[in-house]
Amino acid sequence: MPDAFILTTVDVRDPAAFAAYRTAISGLNDRIGGEMLVRGRTVETLAGAVENAGGAGEIVILIRFPNADAARAYIASPDYQAAQPLRDAAGRFHIRLVA
């Protein structure tokens, strides 16, 4: 199977909760076989209308996995699931599987 990606956009509403969430899932990519490709703030929207795109708190994250099953395993993992309350407190997340 080809590579698969988790593409996440986050409208950060509570920076302290977001920092706690990042700490809680630290190292999970490596354990599941993911590779962080992008983590940064949206600078501008070049085309199309996206709700709150480029807002002060928007972050885009792209993680590569060897296949879609590994990407799903990341989201389903006990470590990731345990961090869900922190994620929910941090802001609004849109998490997509791209394959």
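This is a predicted model: local features need pLDDT of at least 70, side-chain atom pairs count only at pLDDT 80 or more; totals for chains, interfaces and linings use all residues.
Residues are numbered from 1 along each chain as its sequence is written, and side-chain values use heavy atoms, with hydrogens and water left out. The protein chain has 5 helices and 4 strands; these are DSSP runs numbered from the N terminus (helices: H or I, at least four residues; strands: E, at least two).

**Overall fold**
- Starting at the N terminus, the elements go β-α-α-β-β-α-α-α-β.
- The radius of gyration (taken over C-alpha atoms) is 14 Å, close to the 13 Å that the globule rule gives for 99 residues, so the chain is as compact as a globular protein of that length. That rule is 2.2 Å times the number of residues to the power 0.38.
- Of the 99 residues, 33% count as buried; buried means under 20% relative accessible area, exposed over 50% and partly exposed in between (1.4 Å probe, protein chains only).
- Take the contacts (heavy atoms within 4.5 Å) between residues at least 6 apart in sequence: 79% of them join residues at least 24 apart.

**Helix α3**
- In α3 (residues 68-76), the buried residues are Ala68, Ala70, Ala71 and Tyr74. Looking down the axis of α3, they fall within an arc of 165°, so they line one face of the helix; the arc is that of the directions from the helix axis to the C-beta atoms.
- Their cover includes β1 (4-12), α2 (28-32), β3 (58-65), α4 (78-82) and β4 (91-98).
- Where α3 starts, a side-chain oxygen of asparagine 67 comes to within 3.1 Å of the backbone nitrogen of aspartate 69.

**Salt bridges**
- The count is 5 salt bridges, each a side-chain nitrogen of Lys or Arg within 4 Å of a carboxyl oxygen of Asp or Glu.
- Arginine 13 pairs with aspartate 11 in one of these, with the closest N and O atoms 3.0 Å apart. Arginine 13 is exposed at 53% relative accessible area, while aspartate 11 is buried at 15%.
- Aspartate 79 and arginine 31 form another, at 2.9 Å from N to O. Aspartate 79 is in helix α4 and arginine 31 in helix α2, so this pair ties together parts 48 residues apart in sequence.
- Arginine 64 bridges to glutamate 35, with 2.6 Å between the closest N and O atoms. Arginine 64 sits in strand β3 and glutamate 35 in strand β2 (residues 35-41), so the pair links parts 29 residues apart in sequence.

Conventions. A polar contact is a pair of N or O atoms within 3.5 Å; within protein, one must be able to donate a hydrogen and the other to accept it, and residues adjacent in sequence count only if both atoms are side-chain atoms.
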